[in-house]
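Please open the model in a viewer and keep the sequence panel at hand.

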Amino acid sequence: MKVYEAISLVDDIKPHQYTETRKIKWLSRLDGQIFTEVFQTHEGSSIDSFAGYDDDSQNEELLVPYPYDEDIYSYFLQAQIDRANGESAKYNQTITMYNNAFLAFQNWYNRTHLPRAKGRRFGF
């Protein structure tokens, strides 16, 4: 899924007043977290670095692959919109759906990629 596809999906589902720049920043923060907490902690990742997204990144591929991508990015953006609008009940619902989608992705990734070996530590 590309950046513009995730934004278009949420724009179609949830009316809001937030700019494309704001949504790209939210996606950049999410993929930065996914890169750090998931991809960097396991061997075999095809992604070596992540510098974030900017306004010229609409055609870049997001990090989470199919079939996990649509739910993760859609629910995350919807949750950020709800949070920014101060809609606590809606935020709680959408962030729960995001957390479940993210957990499914993370569990799959953990099953299919070995954790990186940590260096030996000498303890006294």
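Select Ile95, which is found in helix 4; helices here are DSSP runs of H or I with at least four residues, strands are runs of E with at least two, and both are numbered from the N terminus. Is Ile95 buried or exposed? Ile95 counts as buried because its relative accessibility is 14%; buried means under 20% relative accessible area, exposed over 50%, and partly exposed in between, with a 1.4 Å probe and protein chains only.

The model is predicted, so local features need pLDDT of at least 70 and side-chain atom pairs count only at pLDDT 80 or more, while totals for chains, interfaces and linings use all residues. Residues are numbered from 1 along each chain as its sequence is written, and side-chain values use heavy atoms, with hydrogens and water left out.

**The whole chain**

The protein has four helices and zero strands, in the order α-α-α-α from the N terminus on. Its C-alpha atoms fill a box of roughly 55 × 35 × 30 Å along the principal axes. Of the 124 residues in the protein, 37% are buried. Among contacts (heavy atoms within 4.5 Å) with a separation of 6 or more, 72% are between residues 24 or more positions apart.

**Helix 2**

Select residues 20-39, which form helix 2. The end C-alpha atoms of helix 2 are 26 Å apart, which agrees with the 28 Å that its 20 residues should span at 1.5 Å a residue; the expected span is 1.5 Å times one less than the number of residues. Colour the buried residues of helix 2, among them Trp26, Leu27, Ile34, Phe35 and Phe39. The cover over the buried residues of helix 2 includes helix 1, helix 3 and helix 4.

**Helix 3 and the residues that flank it**

Move to residues 69-84, helix 3. Helix 3 has 16 residues and reaches 22 Å from its first C-alpha to its last, close to the 22 Å expected at 1.5 Å a residue. Its buried residues include Ile72, Tyr73, Phe76, Leu77 and Ile81, and what covers the buried residues of helix 3 includes helix 1, helix 2 and helix 4.

Two backbone details are to be inspected here. Pro67 is in the loop between helix 2 and helix 3, and the peptide bond from Tyr66 to Pro67 is cis, with omega near 10 degrees. Just after helix 3, Gly86 takes a positive phi of about 75 degrees. Most residues other than glycine have a negative phi, and most peptide bonds are trans.

**The nonpolar core**

Which residues touch the most other members of the largest nonpolar core? They are Leu27, Ile34, Leu62, Ile72, Tyr73 and Phe105, out of 31 residues. A nonpolar core is a set of buried Ala, Val, Leu, Ile, Met, Phe, Trp, Tyr and Cys residues joined through side-chain atoms within 4.5 Å. Helix 1 (3-13), helix 2, helix 3 and helix 4 (88-112) each supply at least two residues of this core, and helix 2 gives the most, with eight residues. Centre the view on Leu62: leaving aside neighbours within four places in sequence, Leu62 is in contact with Met1, Lys2, Val3, Ala6, Leu27, Asp31, Tyr53 and Tyr73.

**The aromatic cluster**

Display the rings of Phe39, Tyr68, Phe76, Tyr98, Phe102, Phe105, Trp108 and Tyr109, which ring pairs link into a cluster. Rings of Phe, Tyr and Trp (its six-membered ring) pair if their centres lie within 6.5 Å; planes under 30 degrees apart count as stacked, over 60 as edge-to-face, and the rest as tilted. The whole structure holds 13 aromatic pairs. One of them, Phe105 and Tyr109, is tilted, at 5.9 Å centre to centre with 45 degrees between the planes. Both residues lie in helix 4, four residues apart, about one turn of the helix. Phe105 counts as buried, at 0% relative accessibility, and Tyr109 is buried at 3%.

**After helix 4**

Finish at His113, in the segment after helix 4. His113 is buried, with a relative accessible area of 16%. Leaving aside neighbours within four places in sequence, His113 is in contact with His42, Glu43 and Gly44.
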